[in-house]
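Subject: Handover of a structure and its findings

Dear colleague,

Please find below the structure that I am handing over to you.

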Amino acid sequence: IIRAIIHIYRLFLRPRGYLAIEHGRTQGPAIRAIMRNLGYRCETLKDLSGNERVTVMRTPPYNI
């Protein structure tokens, strides 16, 4: 389902838009791989226990 969300919602995001996905603590690497393979920048945020919990994708153009 997360893969489908990423593929569908990226069609509706504006330039410099964000998509944040909350996920299970072991899903971060797979979600980052999907986002990066599509050419997006992403980062994963941790919860208070130190577990990866939310991955955020940013659409181009990027401000660096």
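Two strands are taken to pair if DSSP finds at least two bridges between them. The model is a predicted one.

Overall arrangement

The protein holds 2 helices and 3 strands, and along the sequence these follow the pattern α-β-α-β-β. Its radius of gyration is 11 Å, close to the 11 Å that the globule rule gives for 64 residues, so the protein is as compact as a globular protein of that length. The C-alpha trace spans about 35 × 30 × 15 Å along the principal axes.

The sheet

The 3 strands form an open sheet in the order S1-S3-S2, with antiparallel pairing. Strands S1 (18-22) and S2 (41-46) stand at the edges; each has a single partner strand, so one side of each is left without a neighbour in the sheet. On average, and ignoring direction, neighbouring strands of this sheet are turned by 20° against each other.

The pairing of S1 with S3 (residues 52-58) is antiparallel and runs over 5 bridges. Within it, Leu19 has Met57 of S3 as its bridge partner, while Tyr18 is partnered by Arg58 of S3.

S2 and S3 also pair in the antiparallel sense, over 6 bridges. Here Cys42 stands opposite Met57 in S3. S2 and S3 form a hairpin with 5 residues between them, and Gly50 in the turn has a positive phi of about 90°.

On the H1 side, the contact is made by Ile2, Arg3, Ile6 and His7; H2 contributes Ile31, Ile34 and Met35. By class, this contact of H1 with H2 has 5 nonpolar, 1 polar and 1 charged residues.

Helices against the sheet

Both helices also have a relation to the strands. H2 lies across S1, S2 and S3, and runs at about 5° to S3. As for H1, which pairs of strands does it meet? On the sheet formed in part by S1 and S3, which pair over 5 bridges, H1 packs so that it touches S1 and S3. The direction of H1 makes about 170° with that of S1.

With kind regards

Terms used
Residues are numbered from 1 along each chain as its sequence is written. This is a predicted model: local features need pLDDT of at least 70, side-chain atom pairs count only at pLDDT 80 or more; totals for chains, interfaces and linings use all residues. Side-chain values use heavy atoms; hydrogens and water are left out. Contact means heavy atoms within 4.5 Å. Helices (H or I, at least four residues) and strands (E, at least two) are DSSP runs, numbered from the N terminus. Ala, Val, Leu, Ile, Met, Phe, Trp, Tyr, Cys and Pro count as nonpolar, Asp, Glu, Lys and Arg as charged, and the others, Gly among them, as polar. Axes are lines fitted to C-alpha atoms, for helices over the stretch in contact, and angles run from 0 to 180 degrees between N-to-C directions. The radius of gyration is taken over C-alpha atoms; the globule rule is 2.2 Å times the number of residues to the power 0.38.
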